[in-house]
Amino acid sequence: MPRDLVRGLSALLAAVAAPLAVCVLLLPVRGTLSHTNVALILMLVVATVAALSYRWVAVLSALSAAVWFVFFFTAPYGSFIRFDRADESVTAGLLLVVGLAVSQLARRYSRERAIATTLQRSLLPRVLPETSAVRPAFRYVPAEAEVGGDWFDVIPLPGFRTALVVGDVVGHGLHSAVTMGRLRTAVRNFSSIDLPPDELLARLDEVVNQMDAEAGAGQDMNVVATCLYAIYDPVSCSCMMARAGHFPPAVVHPDGRVEIVDLPEGPPLGLGGLRFQCAERELPGDTQLVLYTDGLIHNRYRDIGTGLKLLCDTLSSVGLDPEKACDMILKAVLPTRSVDDAALLIARTRAFPRDRIAEWDIPAIPAAVPALRADVVAKLADWNLEETAFTAELILSELVTNAIRYAAPPVHLRLLRDTSLVIEVSDRSSTSPHLRYAEAMDEGGRGIFLVAQLAERWGTRFTSTGKIVWAEHPAPSVPVVPHLASAA
């Protein structure tokens, strides 16, 4: 039977039976109760039944309460249409008025909640990408009363890296859902320019401050949010992460050992002017990184320490399958009847195969480029990429030549082969190349334009020692080995 039909029939039964049951229970003591006391009790019953969110239920419940009140307490077992006293008819009418008022409030609340829930679901990801770096799984459990501002995301980055993010907007309701959507969009925009975690959180903090400034003095409260942002690199098997007032992530090692990462705690977003710190951890393949919001581990009946211990105890026995781990955590850790929504994101890491990485240190002289091209063509032949060798050779020639001419040594070339071919040229200069549109008679300015035309996408990533100019070129897919071992 459809769920809506079952709920409707249950509401109909409650609307008729609940006032009758209360009147029957009050019959033995009706001599000691005034009509006002009975009316107040029945009003409470009407309001409770109306919380089922059907407008007609509140009306029917109020009518039922009025009928049973007249029958049992004014003219018991007599006529329904004869009133002995005027206050009895007033009380019965009052029950109808209260039922109508409560139904209108329930309808308005139901409509606002439906709007907020629809908006929130549309702003959260429904499917996460399974990248070359991680295999993700997620669960989101909305609060029973009002929607909240929890969000999560998995964002593929250049160089087969992956960004993992989870956040929480303080408060509930439509405003929190809208703020959550704006912050998630901002995180995606900032990640597209490949900012490190601490710098991204600083930019996100500016966005929150700008929201407060735009709202002005008429807003009831300022926006306050927490966020955890991590970037996993499968080549180096390292993870850079930073947090803004959020709980630190948990790490499940391949041997089953669980730890809460000792990550410096930054201030919540919205305070402004404070610094965020970034930390780096080595996460070998088949390690699980667990990100979560406070609704998973904390409620009014359980403190944070107890929730974290319960989470760690559960993680130590969940195995290596992220989907099964999510189900077990929700069953064992999630509080019952939580007043806050909860988000859980688990990512199982993958180490990039070493036989799909090729690197060269390049002398800072233009004469080194021809020999380098020959070595690269040979490596591409080993990878069965002969059909893409010509295009890849042109791209790396432009990038390497630009680095030798305009950047600071040492210059380093790295090729990554997976679902596509990534060409990375690093140097110690912090000057980023930009796309130019050369005129017909110009002698230069066409190198990056050529790269942009030949590559699927390209960009610049700044590092602590300089920058990396990268280009990604389509390549025939290869078998994923060793992708992820079967779960224990």
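Trainee: Which residue in β13 does Ile362 stand opposite?

Mentor: Ile362 stands opposite Val411 in β13. Keep in mind that this is a predicted model.

Trainee: And how many bridges join β12 and β13?

Mentor: Six bridges, with β12 and β13 (residues 411–417) pairing in the antiparallel sense.

Trainee: What's the strand order in the sheet?

Mentor: The order is β12-β13-β14-β16-β15, five strands in an open sheet with antiparallel pairing. At the edges stand β12 (357–362) and β15 (457–463); each has a single partner strand, so one side of each is left without a neighbour in the sheet. On average, neighbouring strands here are turned by 15° against each other, direction ignored.

Trainee: Which helix packs on the sheet and touches β12, β13 and β14?

Mentor: That's α10, residues 368–382, and its direction makes about 175° with that of β12. Helix α11 (residues 386–406) lies across β12, β13, β14 and β16. Its direction is at about 15° to β14.

Trainee: What sits in the loop between α10 and α11?

Mentor: Asn384 is found in that loop. Asn384 has a positive phi of about 60°, although it is not a glycine.

Trainee: Is Asn384 buried or exposed?

Mentor: Exposed, because its relative accessible area is 55%, and the cut-off for exposed is over 50%.

Trainee: Where does Phe160 lie?

Mentor: Phe160 is in the loop between β2 (148–157) and β3 (161–172). Its phi is near 60°, another positive value in a residue other than glycine. Phe160 is buried, with a relative accessible area of 9%.

Trainee: Back to the end of α11. Which peptide bond is cis?

Mentor: The one from Pro409 to Pro410, with omega near 0°. Pro410 lies in the loop between α11 and β13.

Trainee: What about Glu424, buried or exposed?

Mentor: Glu424, which is in strand β14, counts as buried at 3% relative accessibility.

Trainee: Which side chain does the Glu424 side chain make a polar contact with?

Mentor: With the side chain of Arg414, at 2.7 Å. Leaving aside neighbours within four places in sequence, the residues in contact with Glu424 include Gly159, His412, Arg461 and Trp470.

Trainee: Changing topic: what span should helix α6 have?

Mentor: Helix α6 (residues 197–215) has 19 residues, which at 1.5 Å a residue should span 27 Å. The end C-alpha atoms of α6 are 27 Å apart, which agrees.

Trainee: Which residues of α6 are buried?

Mentor: Among them are Leu200, Leu204, Val208 and Met211. Seen down the axis of α6, the buried residues fall within an arc of 160°, so they line one face of the helix. On the other side, Glu206, Ala213 and Glu214 are exposed.

Trainee: What do the buried residues of α6 pack against?

Mentor: They pack against α5 (174–192), β4 (225–233) and β5 (238–244). Helix α5 reaches 28 Å from its first C-alpha to its last, close to the 27 Å expected. The buried residues of α5 include Met180, Leu183, Val187 and Phe190.

Trainee: What comes just after α5?

Mentor: Just after α5, Asp194 takes a positive phi of about 60°.

Technical notes:
Residues numbered from 1 in each chain as written. Predicted model: local features only at pLDDT ≥ 70, side-chain atom pairs only at ≥ 80, totals over all residues. Heavy atoms only, no water. Pairing = 2+ DSSP bridges. Helix = DSSP H or I, 4+ residues; strand = E, 2+ residues; numbered from the N terminus. Axes fitted to C-alpha atoms, helices over the stretch in contact; angles between N-to-C directions. Contact = heavy atoms within 4.5 Å. Expected span 1.5 Å × (residues − 1). Buried < 20%, exposed > 50% of the residue type's maximum accessible area, 1.4 Å probe, protein only. Arc of directions from axis to C-beta. Polar contact = N/O pair within 3.5 Å; in protein donor to acceptor, adjacent residues only side chain to side chain.
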